[in-house]
Amino acid sequence: MTVRRLPSSTYRLQLRTPSSDPDGCGFTLADARDLLPYLADLGVGAVYLSPILEATPGSTHGYDVVDPTTVSAELGGIDGLRELRAACREHGLGLVVDIVPNHLGVDEPAANPWWWDALRRGPESPYYPFFDFDTSPANGADGRIAIPVLGSPDDVADLVVVAPTDTPSGEAELHFYEHRFPIAPGTDGPVPGTEGSAPDTDGGSAREVHDRQHYRLVHWREPLLGYRRFFTVTGLAGLRQEDPAVFDATHAEVRRWCEEDLVDGIRVDHPDGLADPVEYTRRLRELVGDERWLLLEKILAPGDATTPPEVLDPVMPVDGTTGYDALRLIDQLLVDTRGEARLSALAARYCGGPGDEAQVHAQSAEIKRRIVSEDLAPELARLVRAVRRDGGSGDDDEATTGADAHLREALLSVIAQTPFYRADYPVLRGTLPAILNRLRGQRPELAPPLRLLGVALARGGEASVRLAQVTGAVTAKAEEDRLFYRLGRLVSLNEVGGSPGRMDLSVEAFHLTMAERASSTPGAMTALSTHDTKRGEDVRARISVLSQVPDEWAGFVAAVFDEFPPPAEDAAYFLLQVIVGVWPEPGGPSEQLRSRLHAYADKAMREAAVHTTWTDQDAGFESRMHRWIDALIDSGAGAVGAFVERIAPAGRDNSLVAKAVQLLSPGVPDVYQGTEVWEDSLVDPDNRRFVDFEPLRSGAVARAGHCKFLLVRELLRLRREHPEAMAGGAYLPIPVHGPAAADVVAFRRPLVPAADGSRPAVGLIARLRTAAKSADELLGTVAELPAGSWVVRPDGAEISGRVDVGELLSATPVVVIVRE
């Protein structure tokens, strides 16, 4: 039987090419290698790398791969990976790498040889079938690949044909300012039989050359698109991984890593975008082998009062997700349910709604419909055509125009009611039939298109695939990238995979969920911060304290808004929580933090799309909001600082409890770079900025006795000593009794029995809601420890039997106990 190589923990590193760094330094494979002594001493089990394949020049993240057949030369190339692997072995560390199978970067066509050749040669290119092109005559681009890049429809007049002697490719190219596109062989001259100047000097000839290409450049606002993309990002073109030839070509380098044993695990980015995620994971498991760790960046829907939380489909031969489901549980554990009513009232006052489940569902459905109709209009049109074909109603004729309007409405309604990112996983069978049946009763006028849709989906062809891909894209855009920037009740819960409408996770429900995780997905990752989180773990931990002091928060907000009236209370209420979450203590924001807050405000307001948007920016409104932020920093620092001083200690307590729970819970915990100490990161790219590792690896932080660092190091080392038991062993609650039992989380993890028959274990006892309840109020609440003598780490005190939690946690929010 093959034994899976599960790391005891991982440490996520965000690599950066030197060309993406204004200072020209970057963070390469060699830099990762230099960090290994520190990571090994910290107790890390494996290094976890962001994508390492060749990406768009200047990429700051690596998810826009342009050549999946080679490790980025700037990062160190394949030799750099080999050297890192050898060094990891010397330090007892594993190696995990992130891959991106769903899409390739096409913002710079010349940087992507497959894309360039497909555009240049069209269907004759061997790479043309690699991309999920849509060249149906009905897509409005005359059967060509529509590429939305022009600033206006008239900008086609600004195209220029550049002679081969003046291009890097050595071939004639079509240029639109800085954008370069290939020209099909034999199409760069004047139209036969006409007169005209050379194409590189006459705009009309350039238009003629453009009209003879396999692609058509269109205005970016037109609902035309010639390929599947990642969400609404036209610079990321979807790949047809359902084709075995495409899979083999795009995974040749991954196969080499496995054959040379360069990696212990693979993290798969965005599998929900693929045509068939289940079949893809089966192929990938066959490629990587049974011994390697395999994870999916799969967002599991949190469920609600009527729909249970989504589970990872067991038919997929993977070890679990990358941990957003665990992040959601731990974040909810930190929230004080007793503050819900007051926070809901404040949200209703400032944000137009209470932010409860009912509002979340209603707004989610409304936003989904709008995004599909507008932002994803090309995808919806393609889906309509697929449904019509698979449903047997013909294809692309004018007689179907009226019927298409009804079919679009039926599809919008189905998508809006789908509670999962995609509902075609086997474990979710029955979801779509139930939605169709419910809509038939709610909207009798949609009966004909619903019948057509039902027939098309039952055939399991293109329509079924397109619906699943659109549903996933619209859910991510509607909830994570829009609704979660509008909801203001408690923004620490507005996280990827989160459930901001719910604030009611009890300790007993948390225990049961973790026990289920231990038995069902022991190899899953647990996370608190990632390169995609909207706010870092310590920022969220402090914001969650607001649920403990809702009346004080209400008074603070009223005072701030009275002295500094904002241009819009809804946006300001949202941003004020973030400002409080990152405000330094002691002191006020540095100029660097001021700049970061302004950048965050721009992104948050534009994503919310209430007062300003990415595509229609209201410069006046944005300027007024920036002046409001500056006024808070410059003139309101005293009031903000005083409130932060009140909640910051409880925020640190929350952080320590969250970190301890994560590191001792079932699964494999990931420590995102720099989060072993306090951090104040916001949404990307802020959370991907460089980390100053020098104080960490020099030992200065450890010598200073940094409480979070010491806790992380202690628990990572414990996990490394007992990797199997900590990942997949039992999770057992420690019984707690007394008046404050609901404010205590306590559990133990049995370890491997010793040779002498003793049964070692590690446990955790922690206080919740420390801003609302003092340690003295926990006196009389007891934890019933299992038999034996337990040692408190790291001070060495011995405890046993019935332990008074108030006494145990009088000076700290969390203790780790070990039974040797």
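Colleague: Arg256: buried, partly exposed or exposed?

Modeller: Arg256 is partly exposed, at a relative accessible area of 29%. Buried means under 20%, exposed over 50% and partly exposed in between, with a 1.4 Å probe and protein chains only. This is a predicted model, in which local features need pLDDT of at least 70, side-chain atom pairs count only at pLDDT 80 or more, and totals for chains, interfaces and linings use all residues. Residues are numbered from 1 along each chain as its sequence is written, and side-chain values use heavy atoms, with hydrogens and water left out.

Colleague: Which helix holds Arg256, and what does Arg256 touch?

Modeller: Arg256 lies in helix H6, residues 252-259. Helices (H or I, at least four residues) and strands (E, at least two) are DSSP runs, numbered from the N terminus. Leaving aside residues up to four places away in sequence, Arg256 touches Ile78 and Arg82; contact means heavy atoms within 4.5 Å. Its C-alpha atom is separated by 9.9 Å from that of Leu287, 31 residues apart along the chain.

Colleague: New topic. What is the pLDDT of the protein on average?

Modeller: The average is 94, and 97% of the residues score at least 70. pLDDT is the predictor's confidence in each residue, from 0 to 100.

Colleague: Where does pLDDT stay under 50?

Modeller: Over residues 191-203, for which the model has 14 contacts beyond four places in sequence. Where pLDDT is low, the predicted coordinates should not be read in detail.

Colleague: Now sheets. What is the order of the eight strands in the open sheet with parallel pairing?

Modeller: The order is E16-E15-E14-E5-E2-E1-E18-E17. Two strands pair if DSSP finds at least two bridges between them.

Colleague: Which strands stand at the edges?

Modeller: E16 (320-321) and E17 (525-526); each has a single partner strand, so one side of each is left without a neighbour in the sheet. Further in, E14 (residues 265-268) and E15 (residues 293-296) run parallel, joined by four bridges, and Gly265 stands opposite Trp293 in E15.

Colleague: Which helix lies across E2 and E5?

Modeller: Helix H2, residues 77-90, running at about 145° to E5. Axes are lines fitted to C-alpha atoms, for helices over the stretch in contact, and angles run from 0 to 180 degrees between N-to-C directions.

Colleague: And how do the three strands E8, E9 and E10 pair?

Modeller: They form an open sheet in the order E8-E9-E10, with antiparallel pairing. Strands E8 (160-162) and E10 (179-182) are at the edges with a single partner strand each, so one side of each lacks a neighbour in the sheet. Three bridges join E8 to E9 (residues 173-176), and Val162 stands opposite Glu173. Helix H3 (residues 113-121) lies across E9 and E10, at about 60° to E10.

Colleague: Back to helices. At what angle do H13 and H14 pack?

Modeller: H13 (residues 431-442) and H14 (residues 447-458) pack at about 170°, with their axes 10 Å apart. That makes H13 roughly antiparallel to H14, since angles over 145 degrees count as roughly antiparallel, under 35 as roughly parallel, 65 to 115 as roughly perpendicular and the rest as oblique.
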